[in-house]
Amino acid sequence: MLQPLLDNSRKTGTSQSGSIPAPVRGWNARDSLANMPEDFAVELENIFPNLTSCDLRSGFASHSTGNGSGAVETLVEYAGPVTRKLLSAAGSVIYDSSAEGASTSIATSKTNARWQTTMFGTSGGNFLFMVNGADAPIYYNGSAFVTPTLSGVTATSIVNVAAHQRRLFFVFNSSLIFGYLPVVSVAGTVSTFDIGGLCKKGGYIQAIGSWTRDGGSGPDDLFVAITSEGECIIYSGNDPSNADAWSLVGVFNIGKPIGRRCVEKVGADLIVTTQDGAISLAAFLPIDQVGGLGQAITTNIQNEFMASSKAYSTVFGWQSIHYPQGSYSLFNIPLTTTESVQYIVNTQTGAWCKFTGQNAACWSLFNDDLYFGAQDGGVIYKADTGASDNSANIDWKIRPAFSYYGSRGSQKIFTLCRPHFTTNGTPAFAIDLNLNFSNINPTNVPTTPTLSAAIWDTSKWDESYWADEVTSQAWTTVFGIGECASPTIRGATNSITLSFTAYDMIWQQGSAL
């Protein structure tokens, strides 16, 4: 809440000042602007809400090139006992993109680059199993690709894959039948199981997963099939061919899933991206669809998420990924085939923000670091590194919740605003004042010059700039008359770090008229 800095906060016409802390509870696209708590933000772009401050996101840098000329549509890590590789797919080619520089082609003549994958181990080794619904499934053994022999089904129709209870399970194009292999096998006869009789809404199986409810993989893990119409069919057991070892747990309604990559396993839980928001099965089931909307992970940005799903759900590139090193989970939202944004949630606090400027078609971890495949140019970038977007500026915006500054219903004349930044440079920014729920953005956004820090034992003492963190506190003139206000603070920085901790406002108190 607002902490007045002066005692004369009720004297009409007298200058007053107050301080508002950083919106560490993050982006709020759910609550009314008139009732939004002051530790939320109406907009938080490329600014990450941490525990005590809101920090400029790190940048990204080119990792590998030569992945064709269009979009890199698949990025996945092969994680063997010793060997780790970063594989990418673009056009008709699969590449080894592990090393910085030019990628190496390792498989060609593929129909599309939209692969669904899972790691799977047998006595013969550890394999990355890959399917795309058009080519025969393949697996990577750490050094080469192998095309396994799969009988009993049309192998080229396998479009999704998951490991469950020591078996590989498959999804087929436009079908309510799933397939599965014998235990610890990557080849052989594929048996099938029909769930069509349970699906009252029709459609087809869009994705599958293995849900661990007790915190660790074991015999009580559940098999989850999610249909295109938003029905979630759950089975317990390990052998669909044996009625004593395979039983129906239930059929539940969720929102319609978005894309083939709508399921992300995070620890023991499954996170499902749907048109109603991103949901945790552990938190959501067995609640019905309407009653469970409030349980969505995305509840704080529910209006924005649902608007995005309505407008862009048919665009390829929807994906979620958990990034432990950054303490956040990321939801990639493709706006067009050349532009995407990311909705980011702090996994420690549940606070949200939006990242822009990272036009990604897909994401992956590699050696615990975060990478994305670009929507064009055949480039793979390493994310969360450095202080620029591949040498370009990082554009950022902070629009805190509207505040009545301790006097709801009274008019005020606002005159000065002072944001508090902790930084290792001199950030350039612009401020425009939003009054009574308006939405005005500064049109002139200055650019922070590239930081050239001094070098110890080389640069001159008392003349050169040292790159230690300092607090930037500069009053900026604003003007407006209203009952409530919110300063939109925008900047474009390059090569500096930035933390926003609070802002101060000076105003004159008026009457209620």
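1. Start with the pairing around β36. In this predicted model, strand β3 (residues 41–45) runs antiparallel to β36, with four bridges between the two.

2. How many of the seven residues of strand β36 are buried? Six are, so β36 (residues 394–400) is largely enclosed by the rest of the structure.

3. On cysteines: the disulfide count is zero, taking sulfur atoms within 2.5 Å as the criterion. Cys 232 comes out at 0% relative accessibility and therefore counts as buried. Cys 484 gets the buried label as well, because its relative accessibility is 1%; the cut-off for that label is under 20%.

4. Now the aromatics, with 35 aromatic pairs in the structure. One of them is Tyr 78 with Tyr 140, an edge-to-face pair with 5.4 Å from centre to centre and 85° between the planes. This pair ties together distant parts of the chain: Tyr 78 belongs to strand β7 (residues 74–79) and Tyr 140 to strand β14 (residues 138–140), 62 residues apart. Tyr 78 and Tyr 140 are both buried.

5. What is the geometry of the rings of Phe 331 and Trp 352? Their centres are 5.8 Å apart and their planes sit at 40°, so this pair is tilted. Distant parts of the chain are linked here as well, with Phe 331 in strand β30 (residues 328–334) and Trp 352 in strand β32 (residues 352–355), 21 residues apart. Phe 331 is buried, and Trp 352 is buried too.

6. Ring pairs connect Phe 169, Phe 178, Tyr 180, Phe 193, Phe 223, Tyr 235 and Trp 246.

7. Last, two arginines over rings. Arg 57 places its charged end over the ring of Phe 355, 5.8 Å from the ring centre. Arg 114 lies over the face of Phe 316, and there the distance to the ring centre is 4.0 Å.

Definitions and conventions
Residues numbered from 1 in each chain as written. Predicted model: local features only at pLDDT ≥ 70, side-chain atom pairs only at ≥ 80, totals over all residues. Heavy atoms only, no water. Buried < 20%, exposed > 50% of the residue type's maximum accessible area, 1.4 Å probe, protein only. Pairing = 2+ DSSP bridges. Phe/Tyr/Trp six-rings, centres within 6.5 Å; stacked < 30°, edge-to-face > 60°. Lys NZ or Arg CZ within 6 Å of the ring centre and 35° of its normal.
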